[in-house]
Structure formats: C-alpha cells, structure tokens
Amino acid sequence: MTDTTHSGGSSSDETRRSPLVKRSGSAATRGKTTIADGVVEKIAGLAARDVDGVHDMGSGFSRTFGAVRDKVPGGSSKSNVTRGVKAEVGEVQTALDLEIVIEYGYAISDVAGGVRENVINAVERMTGLEVVEVNIAVSDVKLPDDDDDDDGDDEDQRRLQ
C-alpha cells in the first residue's frame with residue numbers, strides 16, 4: 001500500500017497505526033436478537049412429538065382441518081409442526097400451551113411430564129429463552145383400533161366435506 005498525504009498533514013499509515021479503541025462488553029450486548037413466536041412453536045412441536053406416547057398434536061377439529069388442507073393442491077403441511085402449540089415470547093422468557101393426543105396405554109402424567117421436560121430442554125437450549133411454563137391439555141386418546149386417518153372424528157370430517 002502506498003502512503004498518501006491528506007490535507008491534514010497526517011498519512012493514512014499513521015491512522016492505521018493508531019491504537020485500536022477497546023470496546024467494553026461482549027458481542028452479545030451490542031445488538032438485539034428477537035425470536036418469533038412461530039420459531040418457538042416449531043421447536044416445541046418437534047420436541048413434544050419426540051416423546052413416546054404422543055400420537056398427535058392439536059384438537060380433533062384442527063387435526064381434521066389439517067388433513068383436509070394437506071390433500072388440497074397447494075396446501076401446506078408446514079403447519080403440522082406447530083399444530084397444537086401456542087407460544088408467547090417475551091424478551092427473555094416464553095410460555096407455551098400444548099394440546100396433545102396420547103396413545104392408549106400410556107400414563108398421561110408420565111407422557112405430560114416427558115413432553116414438558118423435552119420441550120423445556122429444547123426451547124431453552126436452542127433459543128436461550130427461559131421457559132416459565134408449559135401448559136399441556138390432553139384432548140384425546142388414540143385407541144388401538146382407531147384408523148390413523150380419521151382419529152375418531154367422522155362427524156368433523158362429514159361436516160367439512
């Protein structure tokens with residue numbers, strides 16, 4: 001690089017050699033990160049589905065509506081991940097409401113506890129947010145002789161057709 005003299009009389013080389021200004025604080029304090037509710041909902045939905053005994057998420061109507069939407073050309077199955085999950089995200093904390101369907105034969109309290117633990121671990125690890133509560137509503141039980149397609153909601157499906 002060549003030295004050039006500026007009208008102020010100092011060279012650019014002198015400017016490059018000047019001591020760097022030390023900034024106080026870490027990189028984390030030099031900006032703001034926001035996390036959308038939908039991001040937390042996806043993380044929680046996937047974590048909840050990983051627990052043994054969870055058959056599905058959401059109410060019977062929302063599952064039926066999702067199945068119909070998935071069959072329509074251009075319908076999206078992306079919403080399946082967040083179905084049955086509602087998150088409220090603040091700056092440092094989040095609260096979650098989950099609606100689950102449990103497979104018959106599993107202890108509801110054990111499955112709910114496993115879901116709560118898995119969701120808290122996944123959300124806190126991935127987002128850094130503190131999970132203040134995970135409310136779980138069990139909306140249905142999947143019986144062994146139920147067809148996976150209708151989840152026992154024949155009436156809901158007839159109304160949608």
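Contact here means heavy atoms within 4.5 Å. With that in hand, Ala-137 is in contact with Leu-98, Glu-99 and Ile-100, once its neighbours within four places in sequence are left aside. The model is a predicted one, in which local features need pLDDT of at least 70, side-chain atom pairs count only at pLDDT 80 or more, and totals for chains, interfaces and linings use all residues. Residues are numbered from 1 along each chain as its sequence is written, and side-chain values use heavy atoms, with hydrogens and water left out.

Starting with the overall picture, the protein chain comes to six helices and four strands; helices (H or I, at least four residues) and strands (E, at least two) are DSSP runs, numbered from the N terminus. Along the sequence, the pattern reads α-α-β-α-α-β-β-α-β-α. The chain has 161 residues, of which 29% count as buried, where buried means under 20% relative accessible area, exposed over 50%, and partly exposed in between (1.4 Å probe, protein chains only). Its accessible surface comes to about 10700 Å², with 49% of that belonging to carbon and sulfur atoms; such areas come from the Shrake-Rupley method with a 1.4 Å probe, and for residues only the protein chains shown count as cover. As for contacts with a separation of 6 or more, 70% of them are accounted for by residues 24 or more positions apart.

Now to the strands, which pair if DSSP finds at least two bridges between them. Strand S3 (residues 93-103) pairs with S2 (residues 85-89) in the antiparallel sense over five bridges. These two strands make a hairpin, with three residues between them. Within this pairing, Val-89 has Thr-94 of S3 as its bridge partner, and Lys-86 sits opposite Asp-97 of S3. S3 also pairs with strand S1 (residues 54-57), again antiparallel, this time over three bridges, and here Asp-56 stands opposite Val-101. With S4, on the other hand, S3 runs parallel, and eleven bridges join the two. Leu-98 has Ile-136 in S4 as its bridge partner. Together with helix H5 (residues 108-127), S3 and S4 make up a right-handed β-α-β unit; a crossover is called right-handed if, with the strands pointing away from the viewer, the path from the first strand over the helix to the second runs clockwise.

From Ala-137 to Val-101, 36 residues away in sequence, the C-alpha distance is 8.8 Å.

Ser-59 belongs to the loop between S1 and helix H3 (60-71). At 23% relative accessibility, Ser-59 is partly exposed. Not counting residues up to four places away in sequence, Ser-59 touches Glu-99 and Ser-139.

The side chains of Asp-56 and Arg-83 meet in it, at 3.1 Å from N to O. Asp-56 lies in strand S1 and Arg-83 in the loop between helix H4 (79-82) and S2, so the pair ties together parts that are 27 residues apart in sequence. Both residues, Asp-56 and Arg-83, are buried.

The surface has a nonpolar patch too, formed by Tyr-104, Ile-108, Val-138, Val-141 and Leu-143, with about 420 Å² of accessible area together. Patches are made of residues with over 30% relative accessible area and no salt bridge, with like charges joined within 9 Å and nonpolar side chains (Val, Leu, Ile, Met, Phe, Trp, Tyr) within 5 Å. Val-141 has its place in strand S4 (residues 130-142) and counts as partly exposed, at 32% relative accessibility.

Key: A salt bridge is a side-chain nitrogen of Lys or Arg within 4 Å of a carboxyl oxygen of Asp or Glu.
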